[in-house]
Amino acid sequence: MRAPVRPGERGAALLAVLLLVAVMGALTAAALEKLRLSTALAVNMAALDQARAYAIGVESLLALRIDDLIAASPERTTLAGGWNGETRQVPLPGGGLALATIRDGGNCFNINSVADGRLATALTPRASGMAQFTALLRLLEVPEGIAVRIADSAGDWVDSDANPNRQGAEDPVYAGAEQPYRAANTLFADVSELRAVNGMTAEIYDRVKPWLCALPTTELSPVNVNTLMPEQAPLLVMLAPEQIGIARARQAIAGRPAAGWDSLTDFYRGPAMEGVLLPLDVQMQPQLRTTWFAVELVIELSGAELRETALVDARLSPARVAVRRWGSDD
């Protein structure tokens, strides 16, 4: 015989069942949401892994394109063929797409040229490199005192000693920061490192970044006068700002033969460069042939997007990727 239900307990069993159902429903919904997220993450990771594989494949195609470009004209690299800055679309399996761009990777200021030396652990300050960096900063309207401080500090950042340049900075300066750190005392691995250098600000960095590169060598910036664009005239001016003004540099670029200069002698004998006297190392700095190429890739696949930048070393054949970075530049 069932015990009588007390008046105050009527519906308690039903309430307990409903509460249990609600809890189980919430747990099930949470589990399904986690499963959905895990599945989406797994799909995205698989897509990104596939995109990386495609990016490396497209890299190889671009390296072959660079080899063909150099083989067609071993002595000089010109703008013929419209390769510089042209974005090409490469269809990928599965409906994906690669956007590939090749640029002259040497028409920039090599921030590692503020030091000299073959070994990354035995570098010394280079006056001509720091002077060119200062000149470029001044051309970009950075005040002279700040420009000198940044250039000297960049030299200290790269060189192997602990002795600061005249307006430079070594470890004691950086040790006083809110979050202390030390100078690298080796080559810049990336232009973004420059943000840590004494005197650099976010505003100045944004202004100068498009003009800079971090080649894995201390050689003075190998500016190719056969591929230099008119808007890149400051890269000529920085070689000798007291002798070459913006108007003169643009005149030199505009006076370039349609097929490019055959020799540096022809370049220096042109009306725009007549009378310019440069130190021997700077005199040999302009180039007729591009040896560094910058590659930008955007891979679009299954709703995922992957960005890559690479630096291709074409000093020897076949050309090969020297530096590769995933994601944005910073």
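This is a predicted model: local features need pLDDT of at least 70, side-chain atom pairs count only at pLDDT 80 or more; totals for chains, interfaces and linings use all residues.
Helix α7 covers residues 246–254, and A249, A252 and I253 are buried in it. Viewed along the axis of α7, these buried residues fall within an arc of 95 degrees, so they line one face of the helix. What do the buried residues of α7 pack against? Their partners are α6 and α8, the latter spanning 264–269.

The structure holds one, and C108 and C213 form it, with their sulfur atoms 2.1 Å apart. The link of C108 and C213 is right-handed, with 75 degrees about the S-S bond. Which parts of the chain does this pair tie together? C108 lies in the loop between β2 and β3, whereas C213 belongs to strand β6, so the bond joins parts that are 105 residues apart in sequence. Are the two cysteines buried or exposed? C108 counts as buried because its relative accessibility is 6%, under the 20% limit. C213 also counts as buried, at 11% relative accessibility.

Two residues in loops deserve a stop along the way. N107 sits in the loop between β2 (97–104) and β3 (109–110), and with 8% relative accessibility N107 counts as buried. The side chain of N107 reaches the backbone nitrogen of N224 at 2.8 Å. Leaving aside neighbours within four places in sequence, N107 is in contact with several residues, including P222, V223, T227 and L235. T217 is found in the loop between β6 (212–213) and α6 (234–237). T217 is buried too, with a relative accessible area of 15%. Again leaving aside neighbours within four places in sequence, T217 is in contact with N110, N112, L187 and W292.

Now for the aromatic residues. A pair of aromatic rings is described by the distance of the centres and the angle of the planes. With ring centres within 6.5 Å as the rule, the count comes to eight aromatic pairs. One of them is F109 with F133: their ring centres are 4.9 Å apart and their planes stand at 15 degrees, so the pair is stacked. This pair links distant parts of the chain, as F109 is in strand β3 and F133 in helix α2 (residues 127–139), 24 residues apart. F109 is buried, with a relative accessible area of 0%, and F133 is buried with a value of 0%. How do the rings of W261 and F267 meet? Their centres are 5.0 Å apart and their planes at 75 degrees, so this pair is edge-to-face. W261 is buried at 8% relative accessible area, and F267 counts as buried at 2%. Elsewhere, W157, Y174, Y181 and F188 form one aromatic cluster.

The last stop is where arginines meet rings. The charged end of R52 sits over the ring of W326, 5.6 Å from its centre. R195 lies over the face of Y205, at 5.4 Å from the ring centre.

Key: Residues are numbered from 1 along each chain as its sequence is written. Side-chain values use heavy atoms; hydrogens and water are left out. Helices (H or I, at least four residues) and strands (E, at least two) are DSSP runs, numbered from the N terminus. Buried means under 20% relative accessible area, exposed over 50%, partly exposed in between (1.4 Å probe, protein chains only). A polar contact is a pair of N or O atoms within 3.5 Å; within protein, one must be able to donate a hydrogen and the other to accept it, and residues adjacent in sequence count only if both atoms are side-chain atoms. Contact means heavy atoms within 4.5 Å. Rings of Phe, Tyr and Trp (its six-membered ring) pair if their centres lie within 6.5 Å; planes under 30 degrees apart count as stacked, over 60 as edge-to-face and the rest as tilted. A charge sits over a ring if NZ of Lys or CZ of Arg is within 6 Å of the ring centre and within 35 degrees of the ring normal. The arc is that of the directions from the helix axis to the C-beta atoms. A disulfide is a pair of cysteine sulfur atoms within 2.5 Å.
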